[in-house]
Amino acid sequence: MSQKYMSAYEKMTSQEAWPLSVFLTPDQVPLCVVKYIPKESMDGKPGFKDVIAELYDKYKNDREGS
């Protein structure tokens, strides 16, 4: 299954990425696909916990997406 998401990311961005993080809805629909996320926030980039919190909030409160 990993190759499936890697291929999708490469097609969408024209870039290879590793490690790749794929966040799925409970129905296993990709919600977000991103390359490397640092463990902690640094240099203005969100850390893994921040990304999880933001995705959870978006999914819970804004399912129609904006």
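## The loop around Gln28

Glutamine 28 sits in the loop that links strand 1 (21–24) to strand 2 (30–34). Strands here are DSSP runs of E with at least two residues, helices are runs of H or I with at least four, and both are numbered from the N terminus. Glutamine 28 has a positive phi of about 65°, even though it is not a glycine. Is Glutamine 28 buried or exposed? It is exposed, at 55% relative accessible area. (Exposed means over 50%, buried under 20%, partly exposed in between, using a 1.4 Å probe and protein chains only.)

This is a predicted model: local features need pLDDT of at least 70, side-chain atom pairs count only at pLDDT 80 or more, and totals for chains, interfaces and linings use all residues. Residues are numbered from 1 along each chain as its sequence is written, and side-chain values use heavy atoms, leaving out hydrogens and water.

## Another positive phi

Now for Aspartate 43, found in the loop between strand 2 and helix 2 (48–61). Aspartate 43 isn't a glycine either, yet its phi is positive, about 50°. Aspartate 43 is exposed too, with a relative accessible area of 74%.

## The nonpolar core

Which residues make up the largest nonpolar core? Phe23, Cys32, Ile37, Val51 and Leu55, five in all. (Such a core is a set of buried Ala, Val, Leu, Ile, Met, Phe, Trp, Tyr and Cys residues joined through side-chain atoms within 4.5 Å.)

Leaving aside residues up to four places away in sequence, Valine 51 touches Phe23, Ile37 and Pro46, where contact means heavy atoms within 4.5 Å.
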